[in-house]
Amino acid sequence: MDNNDILIRLRYALDIKDTDLVEIFRLGGIEMTKEEVFDLFRKPKYDSDEETESDIDEAEDTEAAVKCSNFMLESFLNGFIIFKRGIRETAADSSEKPALAIRNNKSVNNVLLKKLKIALALSSEDMLEILALAGVVITKGELSAVFRKEGHKNYKECGDRYARNFLKGLAIRYRK
């Protein structure tokens, strides 16, 4: 699952409106227009052997597709936390931004689950229920291994299957 796919699934699951998307990116530190945000949600055109008239029309639409970087995804998730929970009250002297948690493509899913847990104020039991809605049953210990810091002896990388099913469970729970 790439970052654009994560954004698309998250937007669908939580029914995030267009104006809210722009606001969430702004809160995360990225100024984007509605059109720029829409470019993130367009599917890139894959090469095919034959071109038809509909392919040419689609090419005009998909040429503007923008690949979502790890920085953009993390900024969106940070903005989503602020959007849902409000600005965090910190000491007056700490005006620096938090360090980026997504260090490589392997940690994207772990950070996604951590930040969604914070933004939606979910407990571990809530997360297990959401995964169960999508047909995935894991233990509380397996879930806590996903939330551990990278490099910890019990850290477990979250695969695409768990992230995809968590987003599917969110859609089932929030789009009733």
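Are Phe 76 and Phe 80 buried or exposed? Both are buried, where buried means under 20% relative accessible area, exposed over 50% and partly exposed in between, with a 1.4 Å probe and protein chains only.

This is a predicted model, in which local features need pLDDT of at least 70, side-chain atom pairs count only at pLDDT 80 or more, and totals for chains, interfaces and linings use all residues. Residues are numbered from 1 along each chain as its sequence is written, and side-chain values use heavy atoms, with hydrogens and water left out.

**Aromatic rings**

A search of the whole structure finds two aromatic pairs. Rings of Phe, Tyr and Trp (its six-membered ring) pair if their centres lie within 6.5 Å; planes under 30 degrees apart count as stacked, over 60 as edge-to-face and the rest as tilted. The rings of Phe 25 and Phe 76 have centres 5.1 Å apart and planes at 50 degrees, so this pair is tilted. It links distant parts of the chain: Phe 25 belongs to helix 2 (residues 18-27) and Phe 76 to helix 5 (residues 70-85), 51 residues apart. Helices are DSSP runs of H or I with at least four residues, numbered from the N terminus. Phe 25 is buried, as is Phe 76.

The rings of Phe 76 and Phe 80 have centres 6.3 Å apart and planes at 5 degrees, so they are stacked. Both residues lie in helix 5, four residues apart, about one turn of the helix. An α-helix has 3.6 residues a turn, so residues three or four places apart point the same way. Phe 25, Phe 76 and Phe 80 form one aromatic cluster.

Two arginines lie over rings. A charge sits over a ring if NZ of Lys or CZ of Arg is within 6 Å of the ring centre and within 35 degrees of the ring normal. Arg 11 lies over the face of Phe 41, 5.0 Å from the ring centre. Arg 175 lies over the face of Tyr 12, at 4.1 Å.

**Salt bridges**

How many salt bridges are there? The count comes to eight, taking a side-chain nitrogen of Lys or Arg within 4 Å of a carboxyl oxygen of Asp or Glu. The table gives some of them.

| Pair | N to O distance |
|---|---|
| Arg 11 and Asp 18 | 2.1 Å |
| Glu 74 and Lys 115 | 3.7 Å |
| Glu 125 and Lys 140 | 2.6 Å |

Glu 74 lies in helix 5 and Lys 115 in helix 6, so their pair ties together parts 41 residues apart in sequence. Glu 74 is buried at 1% relative accessible area, and Lys 115 is buried at 13%. Arg 11 is partly exposed at 22%, and Asp 18 is partly exposed at 27%.

**Ser 124**

Ser 124 is found in helix 7. It is buried, with a relative accessible area of 18%. A polar contact of 3.4 Å joins the side chains of Ser 124 and Lys 117. Such a contact is a pair of N or O atoms within 3.5 Å; within protein, one must be able to donate a hydrogen and the other to accept it, and residues adjacent in sequence count only if both atoms are side-chain atoms.

**Helix 9**

The 15 residues of helix 9 (residues 160-174) should span 21 Å at 1.5 Å a residue, and the end C-alpha atoms are 21 Å apart, which agrees. The expected span is 1.5 Å times one less than the number of residues. Buried residues of helix 9 include Tyr 162, Phe 166 and Leu 170.

Methods
Helix = DSSP H or I, 4+ residues; strand = E, 2+ residues; numbered from the N terminus.
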